[in-house]
Amino acid sequence: MSWKEHVRAVEPYVPGEQPAEKNIIKLNTNENPYPPAPGVRKALAELQAEDMRLYPDPTAGLLVEKLAEEYRVKKEQIFVGVGSDDVLAMAFLTFFNGEDPILFPDVSYSFYEVWADCFRVPYKEIPLTEDWQIDPDDYTVKNGGILFPNPNAPTGIAMPLDGIRKILDANRDVVVIVDEAYVDFGAESALPLLEEYDNLLVVQTFSKSRSMAGMRIGFAMGNEELIRCLSDVRYSFNSYTMNRPSILAGAAALEDRAYFRHTVQTIINTRDSVKEELEEMGFFCLDSRANFLFVTHPDMAASELFRKLRERGMYVRYFARPRIDNYLRITIGTTKQMQVFLDTVRLILQGKR
Ligand code: PMP
């Protein structure tokens with residue numbers, strides 16, 4: 001008998017690299033290339049080390065209040081966590097306790113299967129259609145819950161609200177989670193459906209559109225009772241998930257709508273022009289509504305292009321997984337970064353670099 005028999009053995013999620021070098025072009029983890037709203041800098045500058053003696057507000061009340069205002073829901077309909085990864089993990093623990101498998105797409109955020117394994121939740125991956133869509137008709141089999149990103153990752157493809165409604169209508173008796181990590185870059189949020197469906201949980205994050213991946217702020221919105229269940233599990237796990245700086249900086253970020261709209265629109269514009277240029281070079285690019293593009297080229301294997309870019313200090317994301325192992329996911333950086341990136345790709349394809 002060994003302690004090893006009682007270990008919760010899991011195959012961990014592997015996040016994109018965070019290289020230490022400064023002079024690289026980092027397009028591999030869907031971070032925002034622009035700084036957070038100026039008010040965030042101010043809020044952080046005003047922090048007093050002395051205040052860190054005290055535990056933070058366990059309810060993260062200030063942040064929750066601002067979120068409720070921004071998204072026009074009640075405070076009781078909001079749950080916050082340490083990035084949406086934490087929110088999603090808590091949702092797995094809270095809502096996915098049945099015997100029937102939960103459903104999520106085969107090409108999707110690869111953390112889903114890691115949580116399912118970690119928490120011993122049975123799951124079934126539902127293949128995307130040939131043209132990379134989530135087909136709502138595929139989500140009518142008996143299940144213990146449903147989860148998908150919208151827009152999907154790493155494809156970037158968005159599902160219109162009527163598709164989400166179809167999934168909800170066919171699944172009134174389980175929790176349906178829409179992971180809207182990238183929704184601000186051009187997809188329709190499922191938030192307007194909250195009033196109609198008490199089993200819908202919408203999860204969002206400050207990591208992408210609000211440029212605050214380093215602060216780790218995620219949140220979920222749903223029916224009050226759903227949120228209460230989620231909070232009960234969270235308080236049974238760790239009472240103080242949100243630290244003081246995150247609460248203050250997150251609240252400050254929400255005050256500046258103009259800055260938010262401007263940076264998001266800049267990224268959308270850059271994405272669309274980068275897509276055009278890549279297509280001119282012969283790339284096939286999926287129709288992304290996120291802050292990244294998912295692309296493949298007929299003349300060069302994605303793994304090779306990935307390697308050549310990396311040698312030149314440009315990091316993109318390559319997934320050695322079925323169906324997508326000839327694609328690269330390219331985060332949209334600043335217009336300047338993307339110009340250097342495009343020039344480099346052009347030279348690589350011409351065999352000149
Ligand atoms: N959902 C999706 C689809 C993502 O791509 C990511 C980013 N890796 C997350 C959730 C988690 O983001 P965060 O924990 O930074 O909010």
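Trainee: How far from a polar backbone atom of aspartate 85 is an oxygen atom of the ligand?
Mentor: This is a predicted model, where local features need pLDDT of at least 70, side-chain atom pairs count only at pLDDT 80 or more, and totals for chains, interfaces and linings use all residues. Residues are numbered from 1 along each chain as its sequence is written, and side-chain values use heavy atoms, with hydrogens and water left out. A polar contact is a pair of N or O atoms within 3.5 Å; within protein, one must be able to donate a hydrogen and the other to accept it, and residues adjacent in sequence count only if both atoms are side-chain atoms. For the backbone of aspartate 85, the distance is 3.0 Å.

Trainee: What percentage of the ligand's area does the protein bury?
Mentor: Areas come from the Shrake-Rupley method with a 1.4 Å probe; for residues, only the protein chains shown count as cover. Taken alone, the ligand exposes 400 Å². Of that, the protein buries 91%.

Trainee: Which helix gives the most residues to the shell around the ligand?
Mentor: Helices (H or I, at least four residues) and strands (E, at least two) are DSSP runs, numbered from the N terminus. Residues around the ligand include Gly83, Ser84 and Asp85. The helix that gives the most, with 3 residues, spans 83-95 and is H3.

Trainee: How many residues of that shell are charged?
Mentor: Ala, Val, Leu, Ile, Met, Phe, Trp, Tyr, Cys and Pro count as nonpolar, Asp, Glu, Lys and Arg as charged, and the others, Gly among them, as polar. The shell holds 3 nonpolar and 4 polar residues. The charged residues number 4.

Trainee: Why does arginine 216 count as partly exposed?
Mentor: Arginine 216 is in the loop between strand S7 (200-205) and strand S8 (218-222). Its phi is near 60°, a positive value in a residue other than glycine. Buried means under 20% relative accessible area, exposed over 50%, partly exposed in between (1.4 Å probe, protein chains only). Arginine 216 counts as partly exposed because its relative accessibility is 29%.

Trainee: Is asparagine 30 buried or exposed?
Mentor: Asparagine 30 lies in the loop between strand S1 (25-26) and helix H1 (38-45). Its phi is positive too, near 55°. Its C-alpha atom is 9.9 Å from that of serine 211, 181 residues apart along the chain. With a relative accessible area of 1%, asparagine 30 is buried.

Trainee: Which backbone nitrogen does the side chain of asparagine 143 reach?
Mentor: Asparagine 143 sits in the loop between strand S4 (123-126) and strand S5 (146-149). It is buried, at 8% relative accessible area. Its side chain reaches the backbone oxygen of valine 141 at 2.9 Å. At 2.9 Å, the side chain also reaches the backbone nitrogen of glycine 145.

Trainee: What is omega for the cis peptide bond between alanine 153 and proline 154?
Mentor: Proline 154 is in the loop between S5 and helix H5. Proline 151 is found in that loop, and a cis peptide bond joins it to asparagine 150, with omega about -5°. For alanine 153 and proline 154, omega is about 5°.

Technical notes: A residue is near a molecule or strand if one of its heavy atoms lies within 4 Å of it.
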